[in-house]
Amino acid sequence: EQYIFLKNLLETPEPIPTTVKGTIPTWIHWSLLRNGPGKFEFGNQHYNHWFDGMALMHRFQIEDGQVTYRRRFLCSDSYTQNSERNRIRVWHFEKDKIFVTLIPLSPIPEPTDNASVNFVKYKSDYYVSTETNYMHRVDPDTLESKQKVDWSKFIAVNGATAHPHFDPDGTAYNMGNSYRNKGAFYNIIRVPPERNGPEDTLEGAKILCSIAPRDKSKPSYYHSFGMSENYVVFIEQPIKMDLFKIVTGRLRGKSLNEGVYWDPNQETIFHLIDKQTGKEMPVKYYTKALSTFHQINAFEQDGFLMLDMCCSDDGQSINNFLIQNLRQSGEALDEVMFFLKLSLSVFCTFEDLHGEDLKDYGGLEFPHINYARYNTKPYRYYYGCVKSACLLNKFVLQVWRQPDLYPSEPVFILSPNAEEEDDGVILSVIITPVKSTFLLVLDAKTFEELGRAEVPVNIPYGFHGVFNSSA
Ligand SMILES: [Fe+2]
């Protein structure tokens, strides 16, 4: 908790120098962009939930073995309004009427534009995103907010995940729910890579496929989805959103957690959608109740579809992590997560991707792979964070760990002239209460530390990021 709810963080809109120890390879050019909550207090009020903190964008620029750091708050409407009033804008009951008219459309009547979860790319532009219908286009160099973009102006969805997938040509796939009179639908979204002018944002976005939930008044929550070369894999997990309870709870001033629940008696359903035809495969795959935030990779091989993901058979802990008092989220994150390897054909089976030794570390989150070359392909290595350690690879555990240091999401960067899958480095922002926060650079093959760049200011624990190699 102490690494999340940092108080009185200031922006550093101009880059500040860091102190480099060791050697940061000179072939690493340009910037690591990260996003996460960074401001929880306005006046004497504060947010209690990790996800509610105002988006703070970070940029580590790496050039000639040196590193600078800058950060800015996202100028979202919610940040601007909170700042102007110096108080948190809460549910306003004078808006009851608006709520009522919005009910058939959305279970969350006033979606936030506080996009604090990830940096994502559409048509070679960077956006910060969360799970509502709003994203913000941002300048990846200055971190200035450029434009608020609303998914629902382009296609009939009420939001999209913060974890799109990409084909090699830049075509983006995402998923988002729509809430219509007859209930909710899950939608597969495709955004083309072509850009027809500087103002172009999500033009050309299409809904490839709409899928009816098993119960249209109780769709499943999902944070991301899987994608292989030919299929989108949607995992309908038994973390359920009771739309009626969510809406009426909002009207009664209750928080979202009233309507979101884990139902261990329901099975998990895997849906496969053909990316070319937009058709859902008639065969569904069922397995026991499990909960997942992040998938690692998916690929087709020998007539099977393999899907690797971080998941847990205890959805209650995920549910707590997601919705309930996220002041405890630091602990929830460390709880029982394990891996399944699913072979989907006429049957559905799994195997652990890890040995028993991973359980000693308490499970893993924030998985990353060599996405540029191995997404949708058979691969060997993934990286992630465990309790107080970083980073491991598939089947053979390799760990970087030091006392009181908390690694955030590891990002793999391919080295020039790379031949093998793990030819490159891992970047991770290491949060620590003891010394200064730093950017860690690890050799991805040996897990030896190459260097670190110490930042002279505190950084809160964040969510996700991306390496921007295009200057
Ligand atoms: Fe995520």
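A residue is called buried here if 20 or more other C-beta atoms lie within 10 Å of its own. Keep that cut-off in mind, as it comes back several times below.

## The chain as a whole

What you're looking at is a predicted model. By the buried cut-off, 46% of the 471 residues of the chain count as buried. If you take contacts between residues at least 6 apart in sequence, 57% of them join residues at least 24 apart.

Let's look at two of them. His294 sits in strand E22, which runs over residues 291–301. His464, on the other hand, is in a loop, with strand E34 (449–454) on one side and strand E35 (465–468) on the other. His294 is buried because 20 other C-beta atoms lie within 10 Å. His464 is buried as well, because it has 23 other C-beta atoms within 10 Å.

Which residues do they touch? Setting aside residues up to four places away in sequence, His464 is in contact with Asn35, Val117, Asn118, Ala162 and Glu409. With its neighbours within four places left out, His294 has a contact list that includes Ser224, Met309, Cys310 and Glu365.

## A loop residue for contrast

Asn375 is in the loop between helix H7 (371–374) and strand E27 (383–386). Is Asn375 buried or partly exposed? Asn375 has 19 C-beta neighbours inside 10 Å, so it counts as partly exposed. In sequence, Asn375 and Ala298 are 77 residues apart, but their C-alpha atoms are 7.4 Å apart in space. Beyond its neighbours within four places in sequence, Asn375 is in contact with Asn297 and Ile369.

## How some strands pair up

Now for the strands. Strands of a sheet pair through backbone hydrogen bonds, either parallel or antiparallel. Strand E14 (residues 183–191) is mostly covered, with 8 of its 9 residues buried. A hairpin through 2 residues joins E13 to E14, and Ala172 stands opposite Val191 in E14. E14 also pairs with strand E15 (residues 206–211), where Ser210 is the bridge partner of Asn187.

Elsewhere, 4 strands make an open sheet in the order E16-E17-E20-E21, with antiparallel pairing. Strand E16 (226–227) and strand E21 (285–287) are at the edges with a single partner strand each, so one side of each has no neighbour in the sheet.

| Strand pair | Sense | Bridges |
|---|---|---|
| E13 (residues 172–180) and E14 | antiparallel | 9 bridges |
| E14 and E15 (residues 206–211) | antiparallel | 5 bridges |
| E16 and E17 (residues 231–236) | antiparallel | 2 bridges |

Note on methods:
Residues are numbered from 1 along each chain as its sequence is written. This is a predicted model: local features need pLDDT of at least 70, side-chain atom pairs count only at pLDDT 80 or more; totals for chains, interfaces and linings use all residues. A residue is buried if 20 or more other C-beta atoms lie within 10 Å of its own, exposed if 12 or fewer, and partly exposed in between; C-beta atoms are placed from the backbone. Two residues are in contact if their C-beta atoms, placed from the backbone, lie within 7 Å. Two strands pair if DSSP finds at least two bridges between them.
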